[in-house]
Amino acid sequence: MSDQLERFIFSRHDIRGQLVTLTKAYREVLEHNQLPAPVQRLLGEFLAAACLLSTTLKFEGILMLQARGEGDVPLLVAECTHHSDVRGLARVAEGAEIPEGATLRELVGNRGALVITVDPQEGERYQGIVPLEKDTLAECLEDYFTQSEQLQTRFWIESSADTVGGVMLQVLPGNNAASEAENADAWETGVHLAATVTAEELHNLPHDQLLVRLFHELEPASLGTANIRFKCSCSPERSARALIAMGPENVYTLLEEQGGEITADCQFCNRTYRFDREKIEALFNAPPHTLH
């Protein structure tokens, strides 16, 4: 169950769902983010939500969930790839004191927005944005689906110091398995049952047992599981491509300004990639005086 996501469907109705539990991957993300406890737990919610969201999309690439604003926590980011690799970060304003019990909306502050970005390996990038008008991430995500996707979707997410778990339910488009009225009744029942889930159950109960405990009367059927891991997508090659995109003149100017070595820091895993003059010349296959 640890670091797993399970997809399921209600056998007789057009409703699908996901369960996710993160422990090791969550802790590894936190190892790279020295954060106050309330922000750690909030980042855990974002990681769980990114995993839940990524399974609803048929794509190869990255789904990014972020909140940004002007408050004490101006940025929260979580990413999940189609391989179920996750990473995340949060930024806390210098000198900010984060109180226990502060809500997402309070921490992100003025002009808060929730942004969902889908970056496929092929095709166009898609981004949806909604204002942060609710106190919890679950409520803000529900607003997003109501406004942007027009799909009934509900979330329940519980985060602690070392574990985060979540449930998502979503109505499938069309009425294939049951009538509209039967699907509506099943949706109300499913939402009522999911709302009874506890943090203890989400964090510690095996998914097959939790499905039966919560939804047995709706006949949940598993559609498979995915193993989730922390993995950062940064690399020397990716940093090199970023330098190449800057152009040789800009890069050589930066090299001189930084004393003969350019450093590229990854904000997600704190790795540092270093490029001296020899490496820069290898990137452009020529010293600066021959580049025009």
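User: Quick one: is the crossing in which α2 passes α4 left-handed or right-handed?
Analyst: Right-handed: α2 passes α4 that way (the near helix is turned clockwise from the far one by less than a right angle). This is a predicted model, where local features need pLDDT of at least 70, side-chain atom pairs count only at pLDDT 80 or more, and totals for chains, interfaces and linings use all residues. Residues are numbered from 1 along each chain, and side-chain values use heavy atoms, without hydrogens and water.

User: At what angle do the axes of α2 and α4 cross?
Analyst: Roughly 30 degrees. The axes of α2 (residues 37–54) and α4 (residues 137–149) come within 11 Å. That makes the helices roughly parallel (under 35 degrees).

User: Which residues of α2 meet α4?
Analyst: E45, F46, A49 and L53. On the α4 side they meet L137, L141 and F145. Meeting or touching here is heavy atoms within 4.5 Å.

User: What else does F46 touch?
Analyst: Beyond four places away in sequence, F46 touches L65, Q66, A67, L76, A78, L104, L114 and L137. In the largest nonpolar core, of 68 residues, F46, L76 and L114 touch the most other members. Helix α2 gives this core its largest share, eleven residues. A second, separate core has 21 residues, including F10 and V171.

User: New topic. Where is G71 found?
Analyst: In the loop between β3 (61–68) and β4 (75–81).

User: Is G71 buried or exposed?
Analyst: Buried, because its relative accessible area is 17% (buried is under 20%).

Key: Axes fitted to C-alpha atoms, helices over the stretch in contact; angles between N-to-C directions. Helix = DSSP H or I, 4+ residues; strand = E, 2+ residues; numbered from the N terminus. Parallel < 35°, antiparallel > 145°, perpendicular 65-115°, else oblique. Core = buried A, V, L, I, M, F, W, Y, C linked by side-chain atoms within 4.5 Å. Buried < 20%, exposed > 50% of the residue type's maximum accessible area, 1.4 Å probe, protein only.
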